[in-house]
Amino acid sequence: MLDTIHSYFRTRKPDHKMLKDTLFILVGGANNYLHKAVMLKQEYPSLRKNKHRLRGEVTQAVGQTMGDLRRMVDLLYKKGAKNILVLSLSDMPKTPYAKIHHLEVALRLLSVTHNKQLRNFLRKKRKKVRSSNDLDLKLIWMNVIPFVQELIRHKKEYGFSKLFE
């Protein structure tokens, strides 16, 4: 994820006005967490019975992903970006992949922990930036879960006949 932002700055060489006027949209973690959930399922075949053991694994996985997201936000801010939208993870336990492979427990822990830490990070970052008198930064968290739920409920309106097969 961070490589994409570095590549953007190398290839585009944005000026101050471009950075000030561009909306950067960040989302991250879903693929990392799908992979981690599969590994956890292999290590702990009965995830429901091992929730307490999962917490440490979840904390570590989310910490790594959150570190990447923090570095992305910090790099964009340092380069002069003023409009950063960070999307939450969707309701990952409800994905077809989670249901087919029985990963709901691990993905629920991972996505809930991720979204909670993400909101806390963004809240603290906004407070820190405002205390430095940079009132131009718009650092926004958007919860995408309601939008995904809407898509699932009204799939035909969005051009889908089957979402979970």
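**Figure 1. A salt bridge joins Asp-21 and Lys-17 in a predicted model.** The closest N and O atoms of the two residues are 2.6 Å apart. A salt bridge here is a side-chain nitrogen of Lys or Arg within 4 Å of a carboxyl oxygen of Asp or Glu. The structure holds 6 of them. Asp-21 and Lys-17 are 4 residues apart in helix 2 (residues 16–21), so about one helical turn separates them. An α-helix has 3.6 residues a turn, so residues three or four places apart point the same way. Asp-21 is partly exposed at 49% relative accessible area, while Lys-17 is exposed at 55%. (Buried means under 20% relative accessible area, exposed over 50%, partly exposed in between; 1.4 Å probe, protein chains only.) Helices (H or I, at least four residues) and strands (E, at least two) are DSSP runs, numbered from the N terminus.

**Figure 2. Asp-74 and Lys-125 form a salt bridge.** The N to O distance is 2.7 Å. Asp-74 lies in helix 4 and Lys-125 in helix 6 (residues 104–131), so the pair ties together parts 51 residues apart in sequence. Asp-74 is partly exposed, at 32% relative accessibility. Lys-125 is buried, at 13%.

**Figure 3. Lys-82 and Asp-134 meet in a salt bridge between two loops.** Their N to O distance is 2.8 Å. Lys-82 sits in the loop between helix 4 and strand 2 (83–87). Asp-134 sits in the loop between helix 6 and strand 3 (138–142), 52 residues apart from Lys-82. Both residues are buried.

Figure 4. Gly-80 follows helix 4, with a positive phi near 115°.

**Figure 5. Helix 1 crosses helix 4.** The axes of helix 1 (residues 2–12) and helix 4 come within 9 Å and cross at roughly 20°. Axes are lines fitted to C-alpha atoms over the stretch in contact, and angles run from 0 to 180 degrees between N-to-C directions. The two helices are therefore roughly parallel (angles under 35 degrees). Leu-2, Ile-5, His-6 and Phe-9 in helix 1 meet Arg-71, Met-72, Leu-75, Leu-76 and Lys-79 in helix 4. Contact means heavy atoms within 4.5 Å.

**Notes.** Residues are numbered from 1 along each chain as its sequence is written, and side-chain values use heavy atoms, leaving out hydrogens and water. In this predicted model, local features need pLDDT of at least 70 and side-chain atom pairs count only at pLDDT 80 or more, while totals for chains, interfaces and linings use all residues.

How values were computed:
Parallel < 35°, antiparallel > 145°, perpendicular 65-115°, else oblique.
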